[in-house]
Amino acid sequence: MAGKTGSTDLLLGVMGDPIAQSKSPLMHTAALKALGLPGAYVPLHIAPGQLGEAVQAIRVLGFRGVNVTIPHKIAVMEYLDRLDESALAGGAVNTIVNDNGVLTGYNTDGIGYVRSLKAEAVPDLTGARILVLGAGGAARGIISALLQEQPAAVVVANRTAGKAHELAASWQSAGTVSGVAMEDIAGIIPAADIVINTTSVGMYPYPDELPLDPGLLHKGLVVSDLIYNPLRTRLLEQALNTGCTIHGGLGMFIYQGAYAFEYWTGQAAPVEIMRQTMLDAFGVSEADMELLK
Ligand code: NAP
């Protein structure tokens, strides 16, 4: 199972800069323990100038795989042997799998998000009219995964309108996707079923910020926020007060990790244990979590 012949323990890790804040080691260590798999998942602080050598070290040290996080998700692609369809579609890699020295890059962010949205808020996305706020790295991955669910339409709105237009244009062949400026969302929200915030607006340390005017929200809308720090953003708070269904970013984090774990181990990830580990890390009980929903 390990990446290098001769070793049976699973060596796993996450490469980023900074990395001390990452909750992935906690979550994956709990998952390994739950399944009784010998191994370790360690934080790897890699500065941008060391990325090529760090990727080579995956082979040399016999790591079975690593996660890749900010700022390396795009830059790492050039050092890999193969890129899975998900990495090509999302334009970034967050998971590397080492098969006897051959490194394949995957992107589990988009499918992780959609699995979470379906499990926690909208079981069937067929025919849904979806408004995506933001056109950064996270938006790219999730739009690709959303389009596989046959929504009626996806509209991307961004502060820098040109990026929304570019993103929409790159997905024309996969579905009905259009790009607009953030100022234009007032005309779109009334007909939307789901609004997804993929911008960083409202994230710690600025939890009071809102990515849209909450007066635009309407009862029955599903409002989803990729941010998981705080677990319930101000946007979700406002949406709840308006009678919307809300969906936070913790599930995406758990499922992107679950997919990576499944690629490395070939076993079903212990999702509930991973979720409980994260709730514990945030100091939230399962009962409090019900109130957070
Ligand atoms: P990114 O590539 O830097 O993109 C940031 C996006 O936010 C851009 O669309 C940017 O618009 C917009 N934005 C930033 N500040 C803004 C402001 N003041 N007003 C309006 N728009 C603003 O970041 P990313 O990697 O896509 O991440 C975005 C968010 O997703 C972060 O909060 C991150 O924590 C979250 N995320 C969560 C998970 C998870 O597992 N739950 C995974 C990945 C990401 P411009 O193009 O105009 O700058």
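Reader: At what angle do helix α8 and helix α9 pack?

Author: This is a predicted model, in which local features need pLDDT of at least 70 and side-chain atom pairs count only at pLDDT 80 or more, while totals for chains, interfaces and linings use all residues. Residues are numbered from 1 along each chain as its sequence is written, and side-chain values use heavy atoms, with hydrogens and water left out. Helices (DSSP runs of H or I, at least four residues) and strands (runs of E, at least two) are numbered from the N terminus, and axes are lines fitted to C-alpha atoms, for helices over the stretch in contact, with angles from 0 to 180 degrees between N-to-C directions. The axes of α8 (residues 250-265) and α9 (residues 271-281) lie 10 Å apart, and the packing angle is about 135 degrees.

Reader: How is the orientation of α8 and α9 to each other classed?

Author: Angles under 35 degrees count as roughly parallel, over 145 as roughly antiparallel, 65 to 115 as roughly perpendicular and the rest as oblique. The residues that meet, with contact meaning heavy atoms within 4.5 Å, include L250, F253 and I254 in α8 and V271, M274 and R275 in α9. With about 135 degrees between the two helices, α8 and α9 are therefore oblique.

Reader: Which residues of α8 take part in the contact with α4?

Author: The axes of α4 (residues 109-120) and α8 come within 7 Å and cross at roughly 120 degrees, which makes α4 oblique to α8. From α4 the contact draws on D109, I111, G112, Y113, R115, S116, A119 and E120. On the α8 side, the residues are G251, M252, Y255, Q256, Y259, E262 and Y263.

Reader: Is N94 buried or exposed?

Author: N94 sits in the loop between α3 (85-90) and β5 (95-99). Leaving aside neighbours within four places in sequence, its contacts include V66, K73, Y106, D109 and Q256; of these, D109 belongs to the α4 side and Q256 to the α8 side of the contact between those helices. Buried means under 20% relative accessible area, exposed over 50% and partly exposed in between, with a 1.4 Å probe and protein chains only. Because its relative accessible area is 2%, N94 is buried.

Reader: Which strands stand at the edges of the open sheet of 6 strands?

Author: The strand order is β9-β8-β7-β10-β11-β12, with parallel pairing, where two strands pair if DSSP finds at least two bridges between them. An edge strand has a single partner, so one side of it is left without a neighbour in the sheet. The strands in that position are β9 (177-181) and β12 (245-247).

Reader: What is the bridge partner of I194 in β11?

Author: β10 (194-197) is joined to β7 over 4 bridges in the parallel sense, and there L131 has V195 as its partner. I194 and I196 point one way from β10, whereas V195 and N197 point the other way, and all are buried. β10 also pairs in the parallel sense with β11 over 4 bridges, and in β11 the partner of I194 is V222.
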